[in-house]
Amino acid sequence: MGTNLKHISRGVLAQKSAVNSETIRYYEKIGLMPHPMRSGGGHRLYNDDHLKRLVFIRRCRELGFSLEEIKNLLGLVDTGEYSCDEVRLRTEAHLKDVQHKVRDLKKMESMLKDMVSECQNGKLSNCPIVEALYG
């Protein structure tokens with residue numbers, strides 16, 4: 001990141017990380033994000049480490065990792081005693097899940113295309129899509 005943040009608000013952290021402010025709060029609540037320091041007035045103060053961790057979480061979410069999977073990955077990272085092999089194995093497991101979902105989505109796409117093609121531009125009195133859904 002190289003921004004060398006000293007202390008920033010949650011709003012600024014949200015802006016810099018492209019993560020919603022309430023989502024940051026939720027991540028703190030469930031333990032994905034460490035609780036930040038507080039100012040004398042009780043305001044949360046975030047730093048570079050918070051930003052890096054939040055970007056890590058956001059990127060994992062963009063790749064479809066569940067919050068539990070992210071928590072497990074961060075558990076490895078937080079110990080500092082992980083191997084690339086451990087991370088690869090967890091990522092491979094996630095990849096297999098994604099591939100399974102893609103297969104399921106392709107099946108759904110095919111079924112929906114078939115249903116739409118049966119409709120004949122909506123000119124029939126009985127809708128074949130509705131009939132197919134009642135099955």
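In this model, arginine 88 and glutamate 92 join their side chains in a salt bridge, 2.9 Å from N to O; the term covers a side-chain nitrogen of Lys or Arg within 4 Å of a carboxyl oxygen of Asp or Glu. The model is a predicted one, where local features need pLDDT of at least 70 and side-chain atom pairs count only at pLDDT 80 or more, while totals for chains, interfaces and linings use all residues. Residues are numbered from 1 along each chain as its sequence is written, and side-chain values use heavy atoms, with hydrogens and water left out.

**Salt bridges**

- Searching the whole structure turns up seven salt bridges.
- Arginine 88 and glutamate 92 both sit in helix H5, four residues apart, or about one turn of the helix; helices (H or I, at least four residues) and strands (E, at least two) are DSSP runs, numbered from the N terminus.
- Arginine 88 also pairs with aspartate 85, at 2.2 Å from N to O, and these two lie three residues apart in helix H5.
- Shared partners link Asp85, Arg88 and Glu92 into one network of salt bridges.
- Arginine 88 is partly exposed at 37% relative accessible area; buried means under 20%, exposed over 50%, and partly exposed in between (1.4 Å probe, protein chains only).
- Glutamate 28 has its own salt bridge, with arginine 44, where the closest N and O atoms are 3.4 Å apart.
- Glutamate 28 is in helix H2 and arginine 44 in strand E2 (residues 44–45), so this pair ties together parts 16 residues apart in sequence.
- Glutamate 28 is buried at 3% relative accessibility, whereas arginine 44 is partly exposed at 23%.

**The nonpolar core**

- The largest nonpolar core has 18 residues, and Ile57 and Ile70 are among those with the most contacts inside it; such a core is a set of buried Ala, Val, Leu, Ile, Met, Phe, Trp, Tyr and Cys residues joined through side-chain atoms within 4.5 Å.
- Helix H3 gives this core its largest share, five residues.
- Isoleucine 57 lies in helix H3 (residues 48–62) and is buried, with a relative accessible area of 0%.
- Beyond its neighbours within four places in sequence, isoleucine 57 is in contact (heavy atoms within 4.5 Å) with Tyr27, Leu32, Met33, Ile70 and Leu74.
- The C-alpha atoms of isoleucine 57 and isoleucine 70 are 6.8 Å apart, though the two are 13 residues apart along the chain.

**Around tyrosine 82**

- Tyrosine 82 is in the loop between helix H4 (67–79) and helix H5 (84–117).
- Tyrosine 82 counts as partly exposed, at 42% relative accessibility.
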